[in-house]
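Good morning, everyone. Please have a look at the model on the screen, and I will walk you through it.

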Amino acid sequence: MAKAFDSISPEHANFIQAQKMFFVGSAGVDGHVNISPKGYDSFRMLSPNQVAYLDLTGSGNETSAHLQDNNRMTYMFIALEGKPQILRLYGDGQVILPDDPAWEQYASLFDLHPGYRQIIVSNIHRVQTSCGYSIPFYTYEGERNTLIDWAGNKGEEQLEQYRKQKNSTTIDGITTPIGKKFADMR
């Protein structure tokens, strides 16, 4: 049932582009495994073996710290409409913060929604598809504007304070790249 590939094919790319949501999975060397859902138009395929996503401010920041800890992550896309399928991208990840020299190169690929905090760029070494036969059908009704409205209402100064409080360390105490930036500012 499962099939493995060395890169993202045009067929895989078409499937990925049709999905309205994806998940990222990561884990530190010790501690909790994290799986985060991602929405909006925040995912980009840069080449058959490189992808990126725009990461927005949220209640935690596990993925970026896990990438500093062991640099492994998985993306998962599932068909909620149409033909059943699951597609996973296995690779590494690099965190690009807004003050990083590479920021402009990657940020230009996205609509920068209020609350953007970083871009994750991943080199993909394995693509795997599986059947998805047990995944139920769901109908897409539209995007939730809640996160964008929340970030827009806070403004950059309050968002920075929020990130300092909520995004500087993981639930396991690993310092995130954002946390390191705040520590360097002291």
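Let's start with helix α1, residues 10-18: its buried residues are H12, A13, F15 and I16. They cover an arc of only 160° around the axis, so they sit on the same side of α1. That arc is taken from the directions from the helix axis to the C-beta atoms. On the other side of α1, P10, E11, N14 and Q17 are exposed. Buried means under 20% relative accessible area, exposed means over 50%, and partly exposed is in between, with a 1.4 Å probe and protein chains only. Helices (H or I, at least four residues) and strands (E, at least two) are DSSP runs, numbered from the N terminus.

A quick word on the source. This is a predicted model, where local features need pLDDT of at least 70, side-chain atom pairs count only at pLDDT 80 or more, and totals for chains, interfaces and linings use all residues. Residues are numbered from 1 along each chain as its sequence is written, and side-chain values use heavy atoms, with hydrogens and water left out.

Back to the helix. Why can residues three or four places apart point the same way? An α-helix has 3.6 residues a turn, so they do. And what do the buried residues of α1 pack against? They pack against β1 (3-5), β4, β6, β7 (86-91) and β9. Contact here means heavy atoms within 4.5 Å.

**The core**

Next, the nonpolar cores. A nonpolar core is a set of buried Ala, Val, Leu, Ile, Met, Phe, Trp, Tyr and Cys residues joined through side-chain atoms within 4.5 Å. In soluble globular proteins, nonpolar side chains tend to be buried together. The largest core in this model has 23 residues, and F43, Y53, Y75, F77 and L89 touch the most other members. Which elements each supply at least two residues of this core? They are α1, β2 (22-27), β5, β6, β7, β9 and α5 (177-184).

Take F43. Leaving aside its neighbours within four places in sequence, F43 is in contact with I16, F22, V51, A52, Y53, Y75, F77, L89 and F110.

**Rings**

Now the aromatic side chains. Rings of Phe, Tyr and Trp (its six-membered ring) pair if their centres lie within 6.5 Å; planes under 30 degrees apart count as stacked, over 60 as edge-to-face and the rest as tilted. The count comes to nine aromatic pairs. One of them is F43 with F77: the ring centres are 5.0 Å apart and the planes are at 75°, so this pair is edge-to-face. The pair links distant parts of the chain, with F43 in strand β4 (residues 43-47) and F77 in strand β6 (residues 73-78), 34 residues apart. F43 counts as buried, at 11% relative accessibility. F77 is buried as well, at 1%.

Y53 and Y75 also form an edge-to-face pair, 5.9 Å centre to centre, with 85° between the planes. Y53 is in strand β5 and Y75 in strand β6, 22 residues apart. Both Y53 and Y75 are buried. Put together, F22, F43, Y53, Y75 and F77 form one aromatic cluster.

**Charges**

Last topic. Side chains of opposite charge can pair when their charged atoms come close. A salt bridge is a side-chain nitrogen of Lys or Arg within 4 Å of a carboxyl oxygen of Asp or Glu. How many salt bridges are there? The count is four.

D55 forms one with R117, and the closest N and O atoms are 2.7 Å apart. D55 lies in strand β5 (residues 50-56) and R117 in strand β9 (residues 116-130), so the pair ties together parts 62 residues apart in sequence. Are these two buried or exposed? Both D55 and R117 are buried. K38 joins D55 and R117 in a network of salt bridges.

R44 and D41 meet in a salt bridge too, at 3.0 Å, N to O. R44 counts as buried, at 18% relative accessibility. Then there is R163 with E156, whose closest N and O atoms are 3.0 Å apart. R163 is buried at 7% relative accessibility, whereas E156 is partly exposed, with a relative accessible area of 47%.

That's my tour. Thank you.
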